[in-house]
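Work through the following exercises with the sequence and the three-dimensional view at hand. Each task is followed by a solution in steps.

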Amino acid sequence: MKVINITRFIVPFLLVTLLSTTFFLVKAQDVAELVLDVSGNAVRRGVNYYILPADRGNGGGLQVASIRNRTNLLVVSQNADESVIGVNVQFSPVDPKENTVRLSIDMNVKFTSMVISDSSTVWRINTELIPERYLVTIGGVEGNPGRETLGNWFNIDKYEDAYKLVYCPVVCEICRPFCGEIGILEENGKRVLFVGRDPPLKVTFHKV
């Protein structure tokens, strides 16, 4: 009677199973965590949200404003009155097939309940108004990731029990952008969003 050595069949099978399991675990870990709104639901592409401070007494929602008596290059600002919810926004992840917003993934942000003549309402980084200050303004370009649109990409990260907005785009592999958390800069009585403030503005997302 011929004896079959089943070890030579079992070992390769176990090895393939182990490698397959490891592959799927790695792939699962590569998927970034979802950003959630205050109701615990995933923040989604193309849906309107208000960005509001997580802590009471820390001002109201976001809007646009002009500084230094300029009527163009409108900045993204925070209303000082916490009863004002501001202007709603939509998020557009860099991957056009991605319909949810995830942590640390590049995305465009744009105001959607307002129209500005001769300007888009897409957020971008601007250093023209105040040299060496990376202010968040409108007038950016939606989509088309790369060197030419580097200033138009933002992401969201966890911060304490809420979230923070961050500028550190990776849409251009050869670019080395200035990176930083987004906080508030007091300028001519306006609370302007800019890159580099510590601590950052702690925010939550409220579906309209």
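A residue counts as buried under 20% relative accessible area, as exposed over 50%, and as partly exposed in between, with a 1.4 Å probe and protein chains only. The model is predicted, so that local features need pLDDT of at least 70, side-chain atom pairs count only at pLDDT 80 or more, and totals for chains, interfaces and linings use all residues. Residues are numbered from 1 along each chain as its sequence is written, and side-chain values use heavy atoms, with hydrogens and water left out.

**Exercise 1. The disulfides**

Solution. 
Step 1. A disulfide is a pair of cysteine sulfur atoms within 2.5 Å. C172 and C175 meet this condition, with sulfur atoms 2.1 Å apart. C168 and C179 are also bonded, their sulfur atoms being 2.1 Å apart.
Step 2. Apply the limits for burial. C172 has a relative accessible area of 10% and is buried; C175 is likewise buried, at 10%. C168, at 29%, is partly exposed, and C179, at 35%, is partly exposed.
Step 3. Consider the torsion. About the S-S bond of C172 and C175 it is about 65 degrees, so this disulfide is right-handed. The link of C168 and C179 is right-handed, with 65 degrees about its S-S bond.
Step 4. Number the bonded cysteines in sequence order: the pairing is 1-4, 2-3.

**Exercise 2. The order of elements**

Task: State how many helices and strands the protein chain has, and in what order they run.

Solution. 
Step 1. Helices (H or I, at least four residues) and strands (E, at least two) are DSSP runs, numbered from the N terminus.
Step 2. The count gives one helix and 12 strands.
Step 3. From the N terminus on, the order is α-β-β-β-β-β-β-β-β-β-β-β-β.
Step 4. The chain has 208 residues, of which 42% count as buried.

**Exercise 3. Aromatic pairs around W123**

Task: Classify the ring pairs that W123 forms with F111 and with F154.

Solution. 
Step 1. Rings of Phe, Tyr and Trp (its six-membered ring) pair if their centres lie within 6.5 Å; planes under 30 degrees apart count as stacked, over 60 as edge-to-face and the rest as tilted. The whole structure holds seven such pairs.
Step 2. The ring centres of F111 and W123 are 5.7 Å apart and the planes stand at 55 degrees, so this pair is tilted. F111 belongs to strand β5 (residues 107–111) and W123 to the loop between β5 and β6 (124–126), so the pair ties together parts 12 residues apart in sequence.
Step 3. For W123 and F154 the centres are 5.9 Å apart and the planes stand at 85 degrees, so the pair is edge-to-face. F154 lies in the loop between β7 (134–137) and β8 (155–159), and W123 in the loop between β5 and β6, so this pair joins parts 31 residues apart in sequence.
Step 4. W123 is buried at 1% relative accessible area, and F154 is buried at 1% as well.

**Exercise 4. The nonpolar cores**

Task: Identify which residues of the largest nonpolar core touch the most other members.

Solution. 
Step 1. A nonpolar core is a set of buried Ala, Val, Leu, Ile, Met, Phe, Trp, Tyr and Cys residues joined through side-chain atoms within 4.5 Å.
Step 2. The largest core has 37 residues, and F91, F111, W123, I156, L193 and F205 touch the most other members.
Step 3. A second, separate core of nine residues includes A65, I67, V192 and F194.
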